[in-house]
Amino acid sequence: MDTLTFMGFSPGDSLLHRLDPRTKQILLILAGGFCLNKNPLFLGLMTLALAGAGHQARLSFFRLIKEIRYFLFFLAGVFAVRVITLSDHWTLSVDPDGLQESVLMLWGLVLVVVMGILLMVTTRISHIRAALVWFLAPVPFVNERSIATMVGLMVRFLPLILFQAAEMADAQRARGIDHRKNPLYRLSCFTFPLFRRIFLKTDDLAAALQARCYTDNRTLPQLVFSRIDALILWAVLVMMGVSISVFSHP
């Protein structure tokens, strides 16, 4: 289980831990969306900022790479498809025009994932839920508390699902599942039991919530927007403005 607690909240006193959860969610939306704009200056500044924030929050770089390794493999495949072309003579060549664009796009996607992980690691689920309720309260015809509860349960269940998947994979490898050459058979032996376990855990959770008379109308933690939150938001907006001004004028 120790390899998966990384995805959950880790107590600390870093700058990210002290930020208002609403600030962190706004930063995730603004900076995450701008990362996909393929602006190299902004990507470089955000990389330095996230590296410093992750180091202060005691987030291990090697553990981060381990947790997102499958996503990195997927990005490597996307990069190869976008950059490598096959000519009429069945020779592989690299498209120089798409090389820079692909690197910037994948760089931005990695930063978005890292920002999401930092949000989960440095924010309690109850605070994430309270921030979502605050954001969704002005939206008409929306039960903000129910939506926030579902998001909180999803965040809490993600490490459990990963743990169940890793546990089943280890058990099946111990029983020689790797000797089966049919990939569909291996996939079916892994997928159906995993979903069965997840549904059973969900039923147990629902029964536990009903037994404790759980409702959405719970007292939410108090959120405080401090001067540090305003400074961080202003700094990110300045970074976005400088990046746009630098690359809009050659």
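1. Helix 2 (21-35) and helix 3 (40-56) have axes that come within 9 Å of each other and cross at roughly 135°, and the pair is therefore oblique. Here axes are lines fitted to C-alpha atoms, for helices over the stretch in contact, with angles running from 0 to 180 degrees between N-to-C directions; angles under 35 degrees count as roughly parallel, over 145 as roughly antiparallel, 65 to 115 as roughly perpendicular and the rest as oblique. Ala-31, Phe-34 and Cys-35 of helix 2 meet Phe-42, Leu-43 and Met-46 of helix 3, contact meaning heavy atoms within 4.5 Å. By class, these residues are six nonpolar, no polar and no charged, where Ala, Val, Leu, Ile, Met, Phe, Trp, Tyr, Cys and Pro count as nonpolar, Asp, Glu, Lys and Arg as charged, and the others, Gly among them, as polar.

2. On the source of these values, the model is a predicted one, in which local features need pLDDT of at least 70 and side-chain atom pairs count only at pLDDT 80 or more, while totals for chains, interfaces and linings use all residues. Residues are numbered from 1 along each chain as its sequence is written, and side-chain values use heavy atoms, with hydrogens and water left out.

3. The chain has 10 helices and two strands, and from the N terminus on its elements run α-α-α-α-α-β-β-α-α-α-α-α; helices (H or I, at least four residues) and strands (E, at least two) are DSSP runs, numbered from the N terminus. The C-alpha trace spans about 65 × 60 × 40 Å along its principal axes. Of the contacts in the chain with a separation of 6 or more, 78% are accounted for by residues 24 or more positions apart. Buried residues make up 31% of the 250 residues, buried meaning under 20% relative accessible area, exposed over 50% and partly exposed in between (1.4 Å probe, protein chains only).

4. The largest nonpolar core holds 25 residues, of which Cys-35, Phe-42, Met-46 and Leu-50 touch the most other members; such a core is a set of buried Ala, Val, Leu, Ile, Met, Phe, Trp, Tyr and Cys residues joined through side-chain atoms within 4.5 Å. The elements giving two or more residues to this core are helix 2, helix 3, helix 6 (96-122) and helix 10 (227-248), and helix 6 provides the largest share, seven residues. In soluble globular proteins, nonpolar side chains tend to be buried together.

5. Leaving aside neighbours up to four places away in sequence, Cys-35 touches Phe-42, Leu-43, Met-46, Gly-108, Leu-111, Val-112 and Met-115. Ala-31, which also lies in helix 2, is buried at a relative accessible area of 2%, and beyond its neighbours within four places it is in contact with Phe-42, Met-46, Met-115 and Val-236. Ala-31 and Met-46 are 15 residues apart in sequence, and their C-alpha atoms are 8.2 Å apart in space.

6. Thr-23, found in helix 2, is buried with a relative accessible area of 0%. Not counting residues up to four places away in sequence, Thr-23 touches Phe-225, Asp-229 and Leu-233.

7. Helix 2 also packs against helix 7 (residues 125-136), at an angle of about 70° and with the axes 9 Å apart, and these two helices are therefore roughly perpendicular to each other. Pro-21, Arg-22, Gln-25 and Ile-26 of helix 2 make this contact with His-127, Ile-128, Ala-131, Leu-132, Trp-134 and Phe-135 of helix 7, a set with seven nonpolar, two polar and one charged residues.

8. The axes of helix 8 (residues 144-174) and helix 9 (residues 183-211) come within 10 Å and cross at roughly 140°, which makes helix 8 oblique to helix 9. The residues of helix 8 in this contact include Leu-153, Phe-157, Leu-160 and Ile-161, and those of helix 9 include Phe-190, Pro-193, Leu-194 and Arg-197. The residues of the contact divide into 13 nonpolar, three polar and three charged.

9. Arg-58, in the loop between helix 3 and helix 4 (61-67), has a positive phi near 60° and is exposed, with a relative accessible area of 80%. Phe-141, in the loop between helix 7 and helix 8, likewise has a positive phi near 60°, and at 87% relative accessibility Phe-141 counts as exposed.
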